[in-house]
Amino acid sequence: METKRSPKNIFVQGPISPESIAKSIANHSSKTDIGGHSIFLGQVRADEKESGKVTAIEYTAYEEMALEKAFEIREAIFVKYPLSCMHIYHSLGEVKVGEICLFVFTSSKHRKAAIDACEELVERIKKEVPVWGKELIDNDGSVWKENL
Amino acid sequence: MTLTSIHIIAFGMIAEKIKTKELVLEYMPDTEVLLGYLYQQYPDLQHTKFSLAINKKMAVGKTAIPVGAEVALLPPFSGG
């Protein structure tokens, strides 16, 4: 197990591929103290806006602050829950509707810690990490998203 | 940029409204003075929701700006 953790890059250029998610799951097969994984996948939705239909979201971030913030959240969640593993990936750049833009993956000995930690991570990422999504519309316009 | 200036970086909708991602301003002592200047220079910002981060930490309310600081103008987050 890691003893000292340092900020990791969470950003992926473009969509997060289902293959990389499968590979990430497979990478845990050697960690036999794990009894449960919890995974959240954010997918770009084809919302209907007044001006048209969303075709993609273009993500930008204040990357240095986002990585610091993600690290701070990660450390707090590790203290709060007995987790074996935690992975966070977020897209930057364009992600088309139906593609994956956020991948949060927690693992623990028993299911509850993984499930609760995963949910709290997703909520905190959406609220506290400086990332912005601009919804691209099929008429060439765009709308800035805002997390509620 | 010198040590007696403030480096401003803007993101998302704010960068679009002020038509730049970066500004270098004369030193200002706190966020209240800075916001007063920004509202005067960019009246559009008066009707726009945004937060400030000083050296990558969120600044809530009137906050002192250290010399040579990087101040970010952050519209509401919408990651995920």
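## Contacts and fold of chain B

In chain B, 52% of the contacts with a separation of 6 or more are between residues 24 or more positions apart. The structure described here is a predicted model. Of the 80 residues in chain B, 26% are buried.

Two helices and five strands make up the secondary structure of chain B. Along the sequence these elements follow the pattern β-α-β-α-β-β-β. The radius of gyration of chain B is 12 Å, close to the 12 Å that the globule rule gives for 80 residues, so chain B is as compact as a globular protein of that length. The C-alpha trace of chain B spans about 35 × 25 × 25 Å along its principal axes.

## Val67 in chain B

A single residue may now be considered. Val67(B) is found in the loop that lies between strand E4 (57–59) and strand E5 (70–74) of chain B. Val67(B) has 11 C-beta neighbours inside 10 Å, and a residue with 12 or fewer is classed as exposed; Val67(B) therefore counts as exposed.

Tyr27(B) is 40 residues away from Val67(B) along the chain, yet the C-alpha atoms of the two residues are separated by 7.1 Å.

## A pair of helices in chain A

In chain A, the axes of helix H2 (residues 63–80) and helix H3 (residues 111–128) come within 11 Å and cross at roughly 155 degrees. Because an angle over 145 degrees counts as roughly antiparallel, H2(A) is roughly antiparallel to H3(A). The crossing of these two helices, H2(A) and H3(A), is right-handed.

On the side of H2(A), the residues that meet H3(A) are Lys69(A), Ile73(A) and Ile77(A). Their counterparts in H3(A) are Ala117(A), Glu120(A), Leu121(A), Arg124(A), Ile125(A) and Glu128(A). Sorted by class, the contact of H2(A) with H3(A) comprises five nonpolar and four charged residues, with no polar residues.

## The contact between the chains

How many residues does the contact take from chain B and from chain A? Chain B contributes 13 residues and chain A contributes 22 residues. On the side of chain B that touches chain A, the elements giving two or more residues are helix H1 (12–18) and E5 of chain B. By class, this side of chain B has eight nonpolar, four polar and one charged residues.

How values were computed
Residues are numbered from 1 along each chain as its sequence is written. Chains are lettered from A and ligands numbered from 1 in the order in which they are written. This is a predicted model: local features need pLDDT of at least 70, side-chain atom pairs count only at pLDDT 80 or more; totals for chains, interfaces and linings use all residues. Helices (H or I, at least four residues) and strands (E, at least two) are DSSP runs, numbered from the N terminus. The radius of gyration is taken over C-alpha atoms; the globule rule is 2.2 Å times the number of residues to the power 0.38. A residue is buried if 20 or more other C-beta atoms lie within 10 Å of its own, exposed if 12 or fewer, and partly exposed in between; C-beta atoms are placed from the backbone. Two residues are in contact if their C-beta atoms, placed from the backbone, lie within 7 Å. Axes are lines fitted to C-alpha atoms, for helices over the stretch in contact, and angles run from 0 to 180 degrees between N-to-C directions. Angles under 35 degrees count as roughly parallel, over 145 as roughly antiparallel, 65 to 115 as roughly perpendicular and the rest as oblique. A crossing is left-handed if the near helix is turned anticlockwise from the far one by less than a right angle, and right-handed if clockwise. Ala, Val, Leu, Ile, Met, Phe, Trp, Tyr, Cys and Pro count as nonpolar, Asp, Glu, Lys and Arg as charged, and the others, Gly among them, as polar.
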